[in-house]
Amino acid sequence: MNRFSRRQVLRGAGVALALPMLESLMPRTARAGTMPTRFVVITTGQGTLLPRWTPPVRAGEALELSELLMPLAAHRDDLVVVSGIDNLMPRYHVSNGHNAAGHTLLNAHLATTSATSDGRLLPEGSRSEVGQPTLCVGPSIDHHLADRIGSPLPLNLAVNGTNVGENRMYYRVTPENSSAPNGARAEARLIGDPVRVFDEFLAGSSGAPTTLRDRLRGQRGRVLDALGGSYSALARRVSAADRARLEAHAERLAELEASLGAPAITCEDPTLSLPPGYPSAGRSDLLWRAQIDVMVTALTCNVTRVASIHDTDYGGPAFEFLRAPMPSELVEAGARALPGDAIADWHAQVHGDTGGAPNENANLIAGFTFYATQVAYLLERMKSVVEPDGSTLLDNSVVLWISEFGNGGAHSTDDLPVVLAGRAGGALHTGRHLARPDRTTGDLYTSILQLFGVDEDSFGLVGDSDLQHGGLGGL
């Protein structure tokens with residue numbers, strides 16, 4: 001008799017939907033008549049200037065924006081700022097101060113240099129140093145969530161190139177026929193060219209007579225039809241009790257099919273629009289805008305429900321475009337003018353190696369303010385997309401902005417800067433600052449999974465008692 005694996009995945013036309021282990025794995029959000037919920041990750045490097053970033057604690061957890069978050073003022077009511085989150089995973093690793101922090105940020109698990117072949121923690125004396133090529137036993141939160149909600153693979157985009165160096169963050173879910181534990185050696189692909197993203201994911205095949213809308217619906221229909229056949233084949237091989245569980249799951253699959261047949265695709269055939277002057281050497285601000293625009297289009301068109309943008313030049317961005325005169329949105333946000341033509345050696349300035357206190361460094365203030373303006377632009381673009389039910393793309397999303405350090409100069413993975421935006425279809429209550437000094441990245445990602453209806457009480461390594469607390473509490 002043929003045996004079925006625990007999570008049989010049927011892949012077709014770029015869409016993946018999972019069969020359960022004789023129980024429903026479909027999220028609560030996948031019901032007829034609702035808009036799909038999306039997840040977006042923005043990662044920027046070297047932490048922040050915590051005294052200028054951390055909001056004050058107010059009664060009722062009301063959010064009062066800090067200096068470095070002021071570019072997000074127009075979106076204050078769409079935000080949840082979380083302070084106090086720690087990434088405790090570097091303590092299990094031998095590292096130069098950067099590698100373990102960057103490698104473990106989004107997966108809350110071990111790097112392979114500290115793990116056995118089946119993903120368990122090696123004794124302290126048996127661990128080797130984490131290097132740039134080292135991978136984690138993953139997967140990262142974006143790929144794990146995509147797998148759990150039945151989304152196509154996440155779209156992982158990069159600014160400033162695709163060489164991730166020490167900040168290797170994105171890891172796929174292990175293919176079912178792989179012997180690698182939990183996604184090890186399955187690094188996600190980063191795409192650094194917005195034109196390539198558009199051509200590959202949005203333009204469609206050459207000469208195709210159908211619109212993107214028709215292609216997407218046709219692809220999903222074929223996958224759902226094939227999944228129905230898988231259910232029929234499996235039902236003939238299981239007990240009556242298991243057959244009842246499968247029938248209940250099939251009903252939920254029918255609900256999903258009905259919701260996909262509803263007008264949940266809000267885009268017409270998209271066109272590529274690039275910022276004026278793009279591309280231009282030294283203008284990573286234009287690349288940020290182009291990647292944000294193409295990512296929002298992909299989410300709008302339901303090419304995927306999960307996407308990210310990763311700034312790979314965490315160690316040496318020069319921010320040439322911040323030369324005087326500074327862009328007006330940065331002036332309005334309170335950024336200080338740069339004392340020189342460009343920022344020389346961002347890494348050294350974060351560490352204070354160039355003299356003076358980083359928290360008073362006008363270059364750093366301007367650079368970190370710039371990152372906030374890009375997140376603000378992303379939220380503005382997501383708000384501009386109106387869904388068929390009158391809500392916005394941002395209403396039906398969770399956006400996570402995070403860095404691998406809190407205080408980058410100290411290589412500290414405590415008190416990471418975490419900003420959440422969007423309402424997750426009504427599940428996330430916004431306009432708040434949550435001070436959570438006893439919570440971890442594993443807790444943060446557990447809460448994000450729960451916002452999407454995924455019934456899990458931990459994410460990442462489960463070992464020491466202070467790693468997992470079942471979520472942030474109160475999110």
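Arg91 has a relative accessibility of 42% and so counts as partly exposed. The class runs between buried, under 20% relative accessible area, and exposed, over 50%, with a 1.4 Å probe and protein chains only. The model is predicted: local features need pLDDT of at least 70, side-chain atom pairs count only at pLDDT 80 or more, and totals for chains, interfaces and linings use all residues. Residues are numbered from 1 along each chain as its sequence is written, and side-chain values use heavy atoms, with hydrogens and water left out.

**Salt bridges**

Side chains of opposite charge can pair when their charged atoms come close. Here a salt bridge is a side-chain nitrogen of Lys or Arg within 4 Å of a carboxyl oxygen of Asp or Glu. The count by this rule is 19. Three of them are tabulated below.

| Salt bridge | Closest N to O | Apart in sequence |
|---|---|---|
| Arg91 – Asp466 | 2.8 Å | 375 residues |
| Glu200 – Arg189 | 2.8 Å | eleven residues |

Arg91 pairs with Asp466. Arg91 sits in the loop between β4 and α2 (99-104), and Asp466 in the segment after α11 (441-451), so the bridge ties together parts 375 residues apart in sequence. Helices (H or I, at least four residues) and strands (E, at least two) are DSSP runs, numbered from the N terminus. Asp466 is partly exposed, at 32% relative accessible area.

Glu200 pairs with Arg189. Glu200 belongs to helix α4 (residues 194-201), while Arg189 lies in the loop between β5 (155-159) and α4. Both count as partly exposed: Glu200 has 41% relative accessibility, and Arg189 has 39%.

Which residues join Asp78 and Lys383 in one network of salt bridges? Asp395 and Arg423 do, through bridges that share partners. Asp78 has 6% relative accessibility, so Asp78 counts as buried. Lys383, at 29%, counts as partly exposed.

**Aromatic residues**

Rings of Phe, Tyr and Trp (its six-membered ring) pair if their centres lie within 6.5 Å; planes under 30 degrees apart are stacked, over 60 edge-to-face and the rest tilted. The structure holds eleven such pairs. One of them joins Phe319 and Phe321 edge-to-face, with 5.9 Å centre to centre and 75° between the planes. Phe319 and Phe321 are both buried. Both belong to a cluster linked by ring pairs, along with Trp288, Trp346, Phe368, Phe370 and Tyr371.

A charge also meets a ring. Arg289 lies over the face of Tyr377, at 4.1 Å from the ring centre. The rule asks for NZ of Lys or CZ of Arg within 6 Å of the ring centre and within 35 degrees of the ring normal.

**Cavities**

A cavity is a set of points on a 1 Å grid over the protein atoms alone where a 1.4 Å probe fits but cannot get out; lining residues have an atom within 4 Å of a point. Six cavities of 30 Å³ or more are present. Helix α10 (362-383) and strand β7 (397-402) are the elements that give two or more residues to its lining. The lining includes Phe368, Tyr371, Trp401 and Ile402. By class, the lining has seven nonpolar, four polar and no charged residues. Nonpolar covers Ala, Val, Leu, Ile, Met, Phe, Trp, Tyr, Cys and Pro; charged covers Asp, Glu, Lys and Arg; the others, Gly among them, are polar. Phe368 and Tyr371 line this cavity and also belong to the aromatic cluster.

Terms used
1 Å grid on protein atoms, 1.4 Å probe; cavity = no way out; pocket = protein on both sides within 12 Å on 5 of 7 lines; lining within 4 Å. Points joined across faces, edges and corners; volume = space filled by probe spheres on them.
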